[in-house]
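Reader: Please show me the model, then take me through how to read its features.

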Amino acid sequence: MRFRLLLVLMAIDKTRLTEVVKSAGKSLTKQRCVIIETLAANKLPMSAYELRDQIKITEQNLNISTVYRVLDFWIRLGLIHKIESANRFMVCSDEHQHQFHVIQHCTRCENVVESCELASQTKMQLSHEFRALENQVIEIKGTCLDCQANTST
Ligand SMILES: [Zn+2]
Ligand SMILES: [Zn+2]
């Protein structure tokens, strides 16, 4: 568990960020950088307000609408995911190009782990009847290993 968490934190690689942003024809601004880096450094997914408050301490005062706008920017590029049920955000830790992103959300401790393995198994056949949007997040709710251990003792 700890090890997987570390992988999530390390997943934010400046070179990769620059590549993704460039290939989308956009630029990596200071605000965009600060927001994704702050989110990546946090252990748990954050709300937009928590993110703003954290950045206020270390960097600068950002308007909440700016925070949302930048989050949307990263969400569209697939590098940040919104956890709809919790209204929180996390940095993508799936470096493979999968059609969907699958996150396992522990509803007790709010820990979220992205699973490349599950994402690679989740494919939708291309069909004329229904075309799925890219970079969608599939959320699976449950109880993480740590929380399972805590309840059994
Ligand atoms: Zn992802
Ligand atoms: Zn848990």
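**Reading the model**

Author: The structure holds 0 disulfides, a disulfide being a pair of cysteine sulfur atoms within 2.5 Å. This is a predicted model, in which local features need pLDDT of at least 70, side-chain atom pairs count only at pLDDT 80 or more, and totals for chains, interfaces and linings use all residues. Residues are numbered from 1 along each chain as its sequence is written, and side-chain values use heavy atoms, with hydrogens and water left out.

Reader: Are Cys33 and Cys144 buried or exposed?

Author: Buried means under 20% relative accessible area, exposed over 50%, and partly exposed in between (1.4 Å probe, protein chains only). Cys33 counts as buried because its relative accessibility is 11%. Cys144 is likewise buried, because its value is 11%.

Reader: What pLDDT does the protein chain average?

Author: pLDDT is the predictor's confidence in each residue, from 0 to 100. The chain averages 85, and 89% of the residues score at least 70. Helices (H or I, at least four residues) and strands (E, at least two) are DSSP runs, numbered from the N terminus.

Reader: In what order do the strands form the open sheet?

Author: Two strands pair if DSSP finds at least two bridges between them. Here 3 strands form an open sheet in the order β4-β3-β5, with mixed pairing. β4 (112-114) and β5 (136-142) are the edge strands, each pairing on one side only. Strand β3 (residues 100-106) runs parallel to β5, joined by 7 bridges. His105 has Lys141 in β5 as its bridge partner.

Technical notes. Chains lettered and ligands numbered in written order.
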